[in-house]
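Welcome to this short tour. Open your viewer, have the selection tool ready, and follow the stops below.

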Amino acid sequence: MAKKLVPEAKQGLANFKNEVASELGVPFKDYNGDLTSKQCGSVGGEMVKRMVEAYEKGMK
């Protein structure tokens, strides 16, 4: 198994996912099998969008 470079990153990403899901009105919880792929995709897409924006701001 690969060594985790930043162990606390897992919890940070989980918190970020829950924050985005809450803002988008997607009811994330421990089990998300009842959500549509559109709902899950909207959360993932928004997360990527925000991460790219933050990276781009850091480059300036």
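Buried means under 20% relative accessible area, exposed means over 50%, and partly exposed lies in between (1.4 Å probe, protein chains only). The model is predicted, so local features need pLDDT of at least 70 and side-chain atom pairs count only at pLDDT 80 or more, while totals for chains, interfaces and linings use all residues. Residues are numbered from 1 along each chain as its sequence is written, and side-chain values use heavy atoms, leaving out hydrogens and water.

**Stop 1: helix α2.** Select residues 37-59, which form helix α2. Helices are DSSP runs (H or I, at least four residues), numbered from the N terminus.

Stop 2: Now pick Val43, Glu46 and Met47, which are buried in α2. The buried residues of α2 pack against α1.

**Stop 3: the core.** Select Val20, Ala21, Val26, Phe28, Leu35, Val43 and Met47: these seven residues make up the largest nonpolar core. Such a core is a set of buried Ala, Val, Leu, Ile, Met, Phe, Trp, Tyr and Cys residues joined through side-chain atoms within 4.5 Å. In soluble globular proteins, nonpolar side chains tend to be buried together. What does Ala21 touch, not counting residues up to four places away in sequence? Ala21 touches Val26, Phe28 and Val43.

**Stop 4: Val48.** Finish on Val48, also in helix α2. Val48 is partly exposed, because its relative accessible area is 47%.

Notes. Helix = DSSP H or I, 4+ residues; strand = E, 2+ residues; numbered from the N terminus. Contact = heavy atoms within 4.5 Å.
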